[in-house]
Amino acid sequence: MAEVINRDNGLNDIGNDYAAKYGFHDPEEYFHKGARGVNHEVVEMISRMKNEPDWMREFRHKALDTFLAKPMPNWGDTELMASIDFDNIYYYIKPIEAQKKSWDDVPDNIKNTFDRLGIPEAERKFLAGVSAQYESEVVYHSLKEDLQKQGIVFLDMDSGLREYPEIVKKYFSTVIPVADNKFAALNSAVWSGGSFIYVPPGVDVKIPLQAYFRINAENMGQFERTLIIADKGSRVHYIEGCTAPVYSTDSLHSAVVELIALEDAYIRYTTIQNWSRNIFNLVTKRAVAHRNSTVEWVDGNLGSKLTMKYPCINLVGEGAKGEILSIAFAGDDQHQDAGAKVIHSAPNTSSRITSKSISKGAGRASYRGLVKVYPTAVKSKVSVECDALLLDPESRSDTYPTMEIDSDDVRIEHEARVSKVAEEQLFYLTSRGLTEDEARLLIINGFIEPFTKELPMEYAVELNRLIELEMEGSVG
Amino acid sequence: MADKKILFSIRDIHVSVEGKEVVKGVSLDMQGGEKHAIMGPNGSGKSSLANALAGHPNYTITSGEAFLDGKNLLEMDATARSLAGLFLAFQYPLAIPGVTVANFLRTAMKAKFGGDEEKLRSFRKELKSRFELLEIDNSFATRYVNDGFSGGEKKRLEILQMAMLKPKVAILDETDSGLDIDALRIVSNGINASATSEDSVLLVTHYQRILNYVKPDKVHVMMDGKIVHSGGPDLARQLEDQGYDWMKPDNAEKVEA
């Protein structure tokens, strides 16, 4: 009785031209979504999927051993960290689409996501190379021709490893060793994506290089790995911005960023992160600054459930300079544990740390800083300034500044302030026709102005907008 | 003279600060275009009255009425009072670090007049002409509001705000204090140029000298939370010569006689 109807109405053909269109030649190897959890099999699969050289594969396996053996940090928000369920996280997801070179080739749904993040505008503004991370793999990557002509390499980290294995092997994990901390070890085992930048000697990259990151699948860990090398006398500014949609279960973001400024080089690394409120953002960022070089971290943290991030600069060459400028906004039930680290180990080095935090509702912002001056770092200068702004009676701010000064010949300035939005200030502004919310927002924007004025205009606008949204979220 | 409309009217206002009564029943009527001065010694309640009328949360109006252009001010918060046309020039203007004068003024103008492109353009033009009026350097626009300002700069910024926000009723709380003679002249010119023939200005001051530039129609003397005497412009000069003692409530009969 059963009649098999075989109607070929064209549906069967859908996807047949997929490989031709998108360059997938081996559907068998197409890896959609692996199992949850991490082990040597997962690491092996990631490395084989990426067709990596043996040294990297071995590096990953060793890193996994370190991760498994290392205890969780016993400082910071240990309670929240203990709630991370490592077995319930996807460690690698490859997007449906392979990497694209031109904007026209990027699929519409991905474009839509980027549109909502405002990427095309920023791209038009800067017309620099854009390396945008969508889920775990870089899907879109463009390099402006004149950057290429100058010999500037701006790739995703996977391509960097493929195309410039020598440079990568020489510098990879030299600034942040695998065993630095548990999360750096995890990243080393399962890293995927991130940016790789090499600027040749004497080259000044006039326009900021930008990358956008976005977590997009539930329970997906994102472990990007960024390596920037500014060769002698070169200059580069890299900008990274992040947003993430809200998920019902927790997600982990654990990046590793290494910067190397060789003699007389200049690197500025600007980040604005706005993670959804269930994300653990545990990032290791460190730079090494050689003779007369300058490294600047400009670091803005909003959102997430818990952020632990302490951009670090090792001033290893005489006359090297480091600056870390950060803001953190801790909304209700968020903990921003952020800060800065500077290690002075050469003479005439100087550093400046400016940290600003805002705590709202039951939010908690902690400044955790370390300045270490070795005996060799004579005639060095250190300046640390921490400002905390508390918006509500239940808001919380803590400061954990550590100074280890082993040299007598050092100039040190240290200031820390905790303030509230004064009632008198609010009255002054409301008597000019502003509502209390508008007044509070204006005061906050003023408070972080030393940070926003360092940002390109559209980022400054975006940041003020993000804070406005954060403020709205709590009203009523 | 035909009756002009009463623009600003307060009736038997009582003000408490932290439970202590500091203004004990003050009444006042101002017509559009009028300038009044409230004078009095320190602690007489002048500034408390000014702050309470503007809606300062620490100054509670426990009884009385206040109407601006027929609208009941006491039903409004500070924001609404400002939007209704009331302005208070602060005795001690507050610093808003990180917020530029231009940004602050733009935000306040937008709150009051709305913020379309055209208004924004005319805002710039107007700001420039007001800078000239108040002899303010252009660099003022990019400095942070009252942050590191001298006393004179703070007072100029207050009058600049008055000039831009065009209130119907401006209460100037000791705007003349701390000004040298040149600054006093400039600030006074600014006040005179900003208040149209429709607007009212209430000057709160210790000293008579600003009244040489901003001519009051009426002068009220406030002591111990009350207006004890009202008169014409001559009263100010008389106070300058004879001080306040002769009109203390004990001697009030003599005054009225």
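Figure 1. Chain B has 8 helices and 12 strands, where helices (H or I, at least four residues) and strands (E, at least two) are DSSP runs numbered from the N terminus. This is a predicted model, in which local features need pLDDT of at least 70 and side-chain atom pairs count only at pLDDT 80 or more, while totals for chains, interfaces and linings use all residues. Residues are numbered from 1 along each chain as its sequence is written, chains are lettered from A and ligands numbered from 1 in the order in which they are written, and side-chain values use heavy atoms, with hydrogens and water left out. Of the 257 residues of chain B, 51% count as buried, a term that means under 20% relative accessible area, with exposed meaning over 50% and partly exposed in between (1.4 Å probe, protein chains only). Chain A has 14 helices and 21 strands, and 60% of its 476 residues count as buried. Contact means heavy atoms within 4.5 Å; among contacts between residues at least 6 apart in sequence, the share joining residues at least 24 apart is 70% in chain B and 84% in chain A.

Figure 2. In chain B, 6 strands form an open sheet in the order β6-β9-β10-β3-β11-β12, with mixed pairing; two strands pair if DSSP finds at least two bridges between them. Because β6 (86-89) and β12 (226-231) of chain B stand at the edges, each with a single partner strand, one side of each is left without a neighbour in the sheet. The twist averages 20° from one strand to the next. Strand β6(B) runs parallel to β9 (residues 169-173) of chain B, to which 4 bridges join it, and B:Phe87 stands opposite B:Ala170 in β9(B). Helix α5 (residues 151-165) of chain B packs on the sheet, touching β6, β9 and β10 (200-205) of chain B, and its direction makes about 165° with that of β6(B). Such angles run from 0 to 180 degrees between N-to-C directions, and axes are lines fitted to C-alpha atoms, for helices over the stretch in contact. Helix α7 (residues 234-242) of chain B lies across β3 (35-39), β11 (218-223) and β12 of chain B, running at about 45° to β11(B).

**Figure 3. The surroundings of B:Arg143.** B:Arg143 lies in the loop between α4 (117-133) and β8 (144-145) of chain B, and counts as partly exposed because its relative accessibility is 27%. Although B:Arg143 and B:Val101 are 42 residues apart along the chain, their C-alpha atoms are separated by 6.0 Å. Leaving aside neighbours within four places in sequence, B:Arg143 is in contact with B:Val99, B:Thr100, B:Val101, B:Gly148, B:Phe149 and B:Glu153.

**Figure 4. Strand β12 of chain A and two strands that pair with it.** Strand β12 (residues 294-303) of chain A is mostly covered, with 10 of its 10 residues buried. Strand β10 (residues 266-275) of chain A runs parallel to β12(A), joined by 10 bridges, and A:Thr270 has A:Val298 in β12(A) as its bridge partner. β12(A) also pairs in the parallel sense with strand β15 (residues 321-330) of chain A, over 8 bridges, and here A:Gly300 stands opposite A:Ile327 in β15(A).
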